[in-house]
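Hi everyone, thanks for making time for this. Let's walk through one model together, and please keep it open on your screens while I talk.

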Amino acid sequence: MSEILALDTSNYTTSTALFRDGEIFQQKRLLPVKKGELGLRQSDAVFHHVQQLPELLEALLKEEPLKNLKAVGCSTRPRTQLGSYMPCFTVGHGAARALSAAFGVPLHLFSHQQGHIAAALWSAKRLDLFSKPFLAFHVSGGTTEAVLASPGGEEPFTVTLLAQSLDLKGGQAVDRVGKLLGLPFPAGPQLEKLAAQSQRQFRVHPSMKGADCSLSGIENKCQKMKAENEPAADIAKYCLCSVLAALDAMAAALLKEHPGLPLVFAGGVMANQFIRKALTQKYGACFAEPIFSADNAAGVAVLAAREEGLL
């Protein structure tokens, strides 16, 4: 029995995970965001991670006491690109270094985006894709990108940016419309419930520039619908239809350039069942279950387990 302990302290979630014998146990918690606000300053995010990480580690190890820790894994930066940095990741990195030194085990470092993609592959039972190229979408409050993931190199897999949102990110669009409708942050789950009440059909023409998309028009359109007293459920559905239309157009454009490659969707916005159903039906795309779509340390645990030859 060998174990991997993994940490991820991203912009809005403190996450811990334990990999043991092909199972992953998690403890994670959103950072507290004041009602009516759309996020946190980095200094506040760092403070809350410092408070929450010990509590979550204690809860995880109380439920699943360590027996044979083989390595520690951690995300240290948003992406693999040179210069990618966000202060909140230093909390998890510091704790991971201390754990690695205390237990005398290796420390494996990854990017937050690599963790998201690995979590999606784990949840979708497609770890076989680690050995072949695939197209991965990372859609969250901080990122809306499509990358070419390829095996080889010093990283678990190399990531080449192919397309992105040129303005608002998918999660930002969802949260801004959620705030417009009085929903709590993050607004994704409540917006999805509200949209499910709408019977209206929308044909959205996404704003595209090549394979890149623009999402800023979603907020403007929803503000106009709100001013015209259209039902909240219709506004919520329009928002999700617009995000779906943009991702659909990005996927179609990229598949013309990279025909036949599998599609993998990761990130908190991809927990949305409406978007998941549509893209799965059209492309046979791989999605993670919600617990592995939102921010998590499970993907880091998967990557560290692979580095240790456990997967």
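I'll go from a strand, to a helix, to some ring contacts. One reminder before that: this is a predicted model.

Let's begin with strand E7, residues 144-150. How many of its 7 residues are buried? The count is 7 of 7. In a regular strand the side chains alternate between the two faces of the sheet.

Now for its neighbours. Strand E6, residues 134-139, pairs with E7 in the antiparallel sense over 6 bridges, and these two strands form a hairpin with 4 residues between them. Strand E8, residues 158-164, also pairs with E7 in the antiparallel sense, over 6 bridges.

Next, helix H6, residues 216-227. At 1.5 Å a residue, its 12 residues should span 16 Å, and the end C-alpha atoms are 17 Å apart, which agrees. Which residues of H6 are buried? They are Ile218, Glu219, Cys222 and Met225. These four cover an arc of only 125° around the axis, which puts them on the same side of H6. Their cover includes helix H4 (170-180) and helix H7 (232-257). After H6 comes asparagine 229, with a positive phi near 60°.

Finally, the rings. A search of the whole structure finds 7 aromatic pairs. One of them joins phenylalanine 19 and tryptophan 122: the centres are 6.1 Å apart and the planes are at 75°, so this pair is edge-to-face. Phenylalanine 19 is in strand E2 and tryptophan 122 in helix H3, so the pair ties together parts that are 103 residues apart in sequence. Both of these residues are buried.

Another pair is phenylalanine 202 with tyrosine 238, edge-to-face because the planes are at 75°, with centres 5.4 Å apart. Phenylalanine 202 sits in the loop between helix H5 and strand E9, and tyrosine 238 in helix H7, so parts 36 residues apart in sequence are tied together. Tyrosine 238 also has the charged end of lysine 221 over its ring, 5.9 Å from the centre.

There is a cluster too: ring pairs link Phe130, Phe134 and Phe157. Arginine 306 lies over the face of phenylalanine 130, at 4.0 Å from the ring centre.

How values were computed: Residues are numbered from 1 along each chain as its sequence is written. This is a predicted model: local features need pLDDT of at least 70, side-chain atom pairs count only at pLDDT 80 or more; totals for chains, interfaces and linings use all residues. Side-chain values use heavy atoms; hydrogens and water are left out. The expected span of a helix is 1.5 Å times one less than its number of residues. Buried means under 20% relative accessible area, exposed over 50%, partly exposed in between (1.4 Å probe, protein chains only). The arc is that of the directions from the helix axis to the C-beta atoms. Contact means heavy atoms within 4.5 Å. Rings of Phe, Tyr and Trp (its six-membered ring) pair if their centres lie within 6.5 Å; planes under 30 degrees apart count as stacked, over 60 as edge-to-face and the rest as tilted. A charge sits over a ring if NZ of Lys or CZ of Arg is within 6 Å of the ring centre and within 35 degrees of the ring normal. Two strands pair if DSSP finds at least two bridges between them.
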